[in-house]
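This briefing covers a two-chain protein model, with notes grouped by topic. Please keep the structure open while reading.

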Amino acid sequence: MAAPEISRAAGAGNRADPPALPTGRTIELLLLVFSVVIVTSALVLVEANQEQELTPTLLYVGLAYLVVLGLAHLAVRRFAPYADPLILPSVGLLNGLGLVMIHRLDLADADRAALLGQDPPDSLVFRQILWTALGLALFIAVLWRVKDHRTLARYGFTCGLAGLVLLALPGVLPSSISEVNGAKLWIRIGGAGIQPGEFAKILLIIFFSAYLVQKRDLFAGAGRRFLGMELPRARDLAPLLVAWGLSVVILVFERDLGSSLLIFGMVLVLLYAATERVSWLVIGLSIFAVGAFIAYQLFGHVQVRVEVWLDPFTDYDNRGYQIAQALFGLGTGGVGGTGLGAGRPDLVPFAESDFIFSSLGEELGLIGLASILIVYLVLITRGLRSALAVRDNFGKLLATGLAFSVALQCFVVIGGVTKLIPLTGLTLPFLSYGGSSLLANYALVALLLRISNAARAPLTRRPAAPAVPIADAGTELVPRPTQGPGA
Amino acid sequence: MNTPIRRIAVAVMVLILLLLGNLTYVQVVKAGDYRDDPRNQRVLLAEYARKRGQISADGQVVAQSVETDDRLQYQRQYPAGPVWSPITGYYSVIYSSSGLERYADPVLNGSDDRLFARRLSDLITGRDPAGGNVVLTTKPAVQERAYDELSRRGYTGSVVAIAPKTGEILAMASTPSFDPNPLASHNTATQQEAWKADNAADPATLTNRAIDQTYPPGSTFKLVDTAAALQNGYTPDSQLTAAPNITLTGTNTTLENYAGTQCGTGQTASLREALARSCNTAFAQLGGELGADKLRAQADAFGIGRSDLSIPMPVTASGVGDLPDTAAVQQSSIGQRDVRLTPLQNAMIVASIANGGQTMAPHLVKEVQGPDLDVIDTTEPDRIGTSMPASVAATLTDLMIGSENRTSGGGKITGVQIASKTGTAEHGTDPKNTPPHAWYVAFAPAENPQVAVAVLVENGGDRALEATGGSVAAPIGRAVIAEALRGGQ
């Protein structure tokens, strides 16, 4: 927590002056360049190992990526100059590696099609590049439009409602529009489709953060003591039960284990952070266990997931095939990996989306995967650090929720493809192929940067009262303050 | 609110550590299992993506990889399939591999240590990695002749020819044989069909009779008796019984000469005459007199009972079985009871006699070449045992010439003195009514041996119950010897 304190102390200057204290923007730019160098090298390796022609084009591709990230960097400079300098480079690195791997799988698919005498399949990487561009545009837009994260608290219930609708929509829509591979997660119109659940996740985090900050004192209220823990009052269980109900509904109607788990875990952690009560965790985990047990008893698709998890090799030819192939890939990669472009990650179905982690594991080995996990860890802990440093409770909860949702999603996806936990079917933030996931996660990162900017900016820039400059207000009628978002 | 957030951060780190721990388990502890799982195609695909080395003999390619346009980049081809398949084996996507394809695999796929320098230079120069080549000791003409002699008569059997001085295997045929080409097909259905047919075949085609199967050696085992006798005070003129039948010591079982004949004209027969006429009663007596220990010691000296022999395919161990009492020794002395030899082992016995009692390691691989046909390694002849002193070997050769001269059957080669022994081994549950296995073991020229052969024809060949080693196996053996000597051996 030292850095923000120092910058705060050093930055007690004038708002109009160019900030004299370190903003971290130069570090961010250098790290971005470093990320792009890694990504470009990865691309060169893929091309070399796939016996493609090595042309200067590869350098231009790298430069183009640097330019795009550079735009994001400029936006950060402009709209959130004190934002955490590590978050954007981490994201740029992950997204770039994802693009390289998707391109590498494209080459494998094209190869196979050529051998079978078929037309080459659609290039996924071009779509993903497009989504990246859109994602960065959304990132800039969020930074630009959301000047202060606390304004979001006002739209808490709106966000909650929108989140619910988005979440429920695929479940309600006919399967022809919403179902892909057994899970009803999509809204597909024409060729393009989005997974509204990815956006719902963020909206729900905003809602729960706002709601919990508002009702914080209620939840912290005393209940009975049991086993040394203060139990909450029964009526305060409502939000948790709502989350639990939501998870069950998703599980039943959309057959989406992953989102179900994600939303429940997220709400639980927000409750814990808001109330500082361990009892919430215990209660939450208990009803999770009950829910999981009932789900296992009732739903075939849950049982299948568990059986495949316990032993993917007994039903190798059907349901265990995917996870078994992923394990074969990871095992073949071993510690050092086969080298980018030199393995056979294309043998795993959905190698570019849900299973991109095993694709990377086959070619980069344990060393590569550990590095990727550490980059995620940097991203997540930087988010949590902003949560610690920011001064308003809504910001704290929001940053915690956003950062933790990335962590939980990584754990669920990576744990799933490496057989640590049953496979659920979520995308890995920034790495996996998928437009909705990328867009949503860029929005998420923009919010994190916004909060970290608030955390690191000089104290004088931020009045404690709602951000309405009273001097400029003139004789206008100031709206009656309803709820103070800050502490 | 900061305390719970810190705890959440710790929890996140724990989650990441769990993932790392699990990854270490998958990618380090279990990595070998996953990599080598037969269902994991990655290694196979990588292997097919590399040009596998060829197997050749005297400039003739018997297995090679040619480029294809399907997913497996190289297709394995066997230009003279069944003739060579006991040596080459097959190389199949589904059914793994056999023969040299399996046991010389590190060379052929390029992972052998001897190819390390080459791999290193491939890496640096960016050259496509390729496997090394295997050059056989086998002589194509001899191999073809051996296969042809067996297969054109429709025999089930095996021929092994060895160069006695070096142990080089000049021919190793087994009939009926299989065609490895459909098994190497990239079409799954073709592979499965061929595999099914090969496994259903009767007599078996996938069995390499020369090394995978043991047979009762019958009278060919008398060479082992004689070698032991000559080193234990007997001379070619030592007298043995000439009786048409004897009763095994301590039993009521009688053992008789072939067709119940007297051994020669006298009351007794010399060892020389007994070997030439292959008299069972004389050798039963001899074996009984020598005893189990000396007989077994001699068998061991020839390599019988070794289970670690590889050429480089592993050779099924031959053996003399249990010899609990004199009767058992008497019965075993004529190569019956539990005595079982592979044709290769029987060829090693005559090769050892031909080489003055020095047993050379039999081997198929003459050279290992790099992908550019540059010689990387040459197999040096390796002596693996001494079966008898040179003088005894000379005497035994002399006795074997006597045997050859009494052996009927066609194919005698003018101007070449062969030293040989035949065998007609009864087997099965009803031995008198089951066609016997016919054996012929020989080497030539007797004065300066260049080739040693063992011929085995299962179940009497085309002569059924009338079959003898001389009538069925000897002509094949002589033809193979003639072919080997013609090649300037």
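Cys410(A) is buried, because its relative accessible area is 0%, under the 20% cut-off for that class. The model is a predicted one.

**Cysteines and the disulfide**

- Cys159(A) is also counted as buried, with a relative accessibility of 10%.
- Over all chains, the count is 1 disulfide.
- The partners are Cys263(B) and Cys279(B), whose sulfur atoms lie 1.8 Å apart.
- This disulfide is right-handed, because the torsion about the S-S bond of Cys263(B) and Cys279(B) is about 85°.
- The bond links distant parts of the chain, 16 residues apart: Cys263(B) sits in the loop between strands E11 (254–256) and E12 (268–270) of chain B, and Cys279(B) in the loop between helices H13 (271–277) and H14 (280–290) of chain B.
- Both partners fall in the buried class: Cys263(B) has a relative accessible area of 1%, and Cys279(B) has a relative accessibility of 3%.

**Contact between chain A and chain B**

- Chain A supplies 53 residues to the contact and chain B supplies 34 residues.
- About 4,000 Å² is buried between the two chains, and 72% of that area is on carbon and sulfur atoms.
- There are 13 residue pairs in polar contact between chain A and chain B, counting pairs with both residues at pLDDT 80 or more.
- Helices H4 (87–115), H12 (257–275), H15 (321–333), H16 (356–389) and H17 (393–417) of chain A each give two or more residues to the side that touches chain B.
- H16(A) gives the most to that side, with 14 residues.
- Sorted by class, the side of chain A that touches chain B has 32 nonpolar, 13 polar and 8 charged residues.
- Between chain A and chain B the count is 1 salt bridge.
- Glu362(A) and Arg42(B) form a salt bridge in which the closest N and O atoms are 3.0 Å apart.

**Chain B overall**

- Chain B has 19 helices and 19 strands.
- Of its 489 residues, 56% are buried.
- When contacts in chain B between residues at least 6 apart in sequence are taken, 70% of them join residues at least 24 apart.

**A serine in H16 of chain A**

- Ser386(A) lies in helix H16 of chain A.
- Ser386(A) is buried, its relative accessible area being 4%.
- Neighbours within four places in sequence aside, Ser386(A) is in contact with Ser452(A) and Ala455(A).

**Backbone exceptions**

- Most residues other than glycine have a negative phi, and most peptide bonds are trans.
- Asp202(B) and Pro203(B) are joined by a cis peptide bond with omega about 0°; Pro203(B) belongs to the loop between helices H10 (188–200) and H11 (209–212) of chain B.
- A cis peptide bond also runs from Ala444(B) to Pro445(B), with omega near -20°; Pro445(B) is in the loop between strands E18 (437–444) and E19 (451–457) of chain B.
- Glu276(A), not a glycine, has a positive phi of about 60°, and is located in the loop between H12 and helix H13 (278–298) of chain A.
- With 36% relative accessibility, Glu276(A) counts as partly exposed.
- Leu373(B), not a glycine either, has a positive phi of about 70°, and its place is the loop between strands E14 (365–369) and E15 (375–378) of chain B.
- Leu373(B) counts as partly exposed at 48% relative accessibility.

How values were computed:
Residues numbered from 1 in each chain as written. Chains lettered and ligands numbered in written order. Predicted model: local features only at pLDDT ≥ 70, side-chain atom pairs only at ≥ 80, totals over all residues. Heavy atoms only, no water. Contact = heavy atoms within 4.5 Å. Buried area = accessible area lost by both parts, 1.4 Å probe. Salt bridge = Lys/Arg side-chain N within 4 Å of Asp/Glu carboxyl O. Polar contact = N/O pair within 3.5 Å; in protein donor to acceptor, adjacent residues only side chain to side chain. Helix = DSSP H or I, 4+ residues; strand = E, 2+ residues; numbered from the N terminus. Nonpolar A, V, L, I, M, F, W, Y, C, P; charged D, E, K, R; others polar. Disulfide = S-S within 2.5 Å. Buried < 20%, exposed > 50% of the residue type's maximum accessible area, 1.4 Å probe, protein only.
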